[in-house]
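Hi,

Here is the model I said I would pass on. Have a look at it first, and then read my notes below.

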Amino acid sequence: MREDVAAGQSKAVKGMSREELLALPVSVDLDTGNRALGLGRSKGYELAKRGAYPCKVLRLGNAYRVVTADLWQLLGLAA
């Protein structure tokens, strides 16, 4: 069990707390999106390459960016 949960703080959502998720910028790198969704690095990149990532991903050159609003919606967080 995570220490912050044991200490009575907000329950973690798939590797990130609600506060961490709501503090994210407009878009995040794929590794951060993977962490929020509880996906491993390889699986996240595989899904992004196939266009099957569970929320909107932008391809900017060689980089992938996850749209935070779509991530929040997928996780049921209204901001």
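**What I found**

Of the 79 residues in the protein chain, 29% count as buried, meaning under 20% relative accessible area with a 1.4 Å probe and protein chains only, while exposed is over 50% and partly exposed lies in between. Before you go further: this is a predicted model, where local features need pLDDT of at least 70, side-chain atom pairs count only at pLDDT 80 or more, and totals for chains, interfaces and linings use all residues. Residues are numbered from 1 along each chain as its sequence is written, and side-chain values use heavy atoms, with hydrogens and water left out.

The protein chain has five helices and five strands, taken as DSSP runs numbered from the N terminus (helices H or I, at least four residues; strands E, at least two). Their order from the N terminus is α-β-β-α-β-α-α-β-β-α.

At the contact (heavy atoms within 4.5 Å), Leu30, Asp31 and Asn34 of helix 3 meet Arg41, Gly44, Tyr45 and Ala48 of helix 4. By class, that contact of helix 3 with helix 4 has three nonpolar, two polar and two charged residues; Ala, Val, Leu, Ile, Met, Phe, Trp, Tyr, Cys and Pro count as nonpolar, Asp, Glu, Lys and Arg as charged, and the others, Gly among them, as polar.

Which residues of helix 4 are buried? They are Gly44, Leu47 and Ala48. Seen down the axis of helix 4, these fall within an arc of 100°, so they line one face of the helix (the arc is that of the directions from the helix axis to the C-beta atoms). They pack against helix 3 and strand 5 (63-67), whereas the face of helix 4 turned away from its buried side carries the exposed Ser42, Lys49 and Arg50.

Cheers
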